[in-house]
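I opened a new structure today and kept short notes. I wanted to look at the backbone angles and at the core.

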Amino acid sequence: YGPEGRAEELARHLPSRRKKRRPRYARRSRSQVFPPERSIHQRPECVKTRETFGEWEGDLMIFERAQGSMNVATLVERKTRFAVLFRNNDRSSTHFMNSLMNVMTPLPQAARKSITFDRGFEFRDWRKLEA
């Protein structure tokens, strides 16, 4: 970590291959998963007032770890209150988004206008849904 060690580029031999030290149990900062322009306050007025069909809200119910990694996802259509529940066997965002796409694909295009999520870590792959 000293100047002579940095001059010899010894950092690549360290277990974490880092040049600087960091606290052992410090919280790691998460990058901004949802940009500020993707706020719930920016959604169109017709979605807020439940006027059009095809606007969905999604959420994930994660159970305690003693129950395993299983969780249940919910999708609720805002106008009709039609609810879809599906089970996930994994807590990862990638697996959740793949399951969500499998559930939404059979629906007609008019029924898939938008999905609103909270800012949870399980939705960090939300960009996959844009297409």
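Entry 1, ground rules. I am working with a predicted model, where local features need pLDDT of at least 70, side-chain atom pairs count only at pLDDT 80 or more, and totals for chains, interfaces and linings use all residues. Residues are numbered from 1 along each chain as its sequence is written, and side-chain values use heavy atoms, with hydrogens and water left out.

I placed R50 in the loop between helix 2 (45-48) and strand 1 (55-62); helices (H or I, at least four residues) and strands (E, at least two) are DSSP runs, numbered from the N terminus. R50 counts as partly exposed because its relative accessibility is 36%; buried is under 20% relative accessible area, exposed over 50%, and partly exposed in between (1.4 Å probe, protein chains only).

I then turned to R81, also not a glycine, with a positive phi of about 65 degrees. R81 sits in the loop between strand 2 (71-77) and strand 3 (83-88). At 51% relative accessibility, R81 counts as exposed.

Which residues make up the largest nonpolar core? I listed twelve: W56, L60, A73, L75, V84, F86, F96, M97, L100, M104, F117 and F123. Such a core is a set of buried Ala, Val, Leu, Ile, Met, Phe, Trp, Tyr and Cys residues joined through side-chain atoms within 4.5 Å. Helix 3 gives the most to this core, with four residues.
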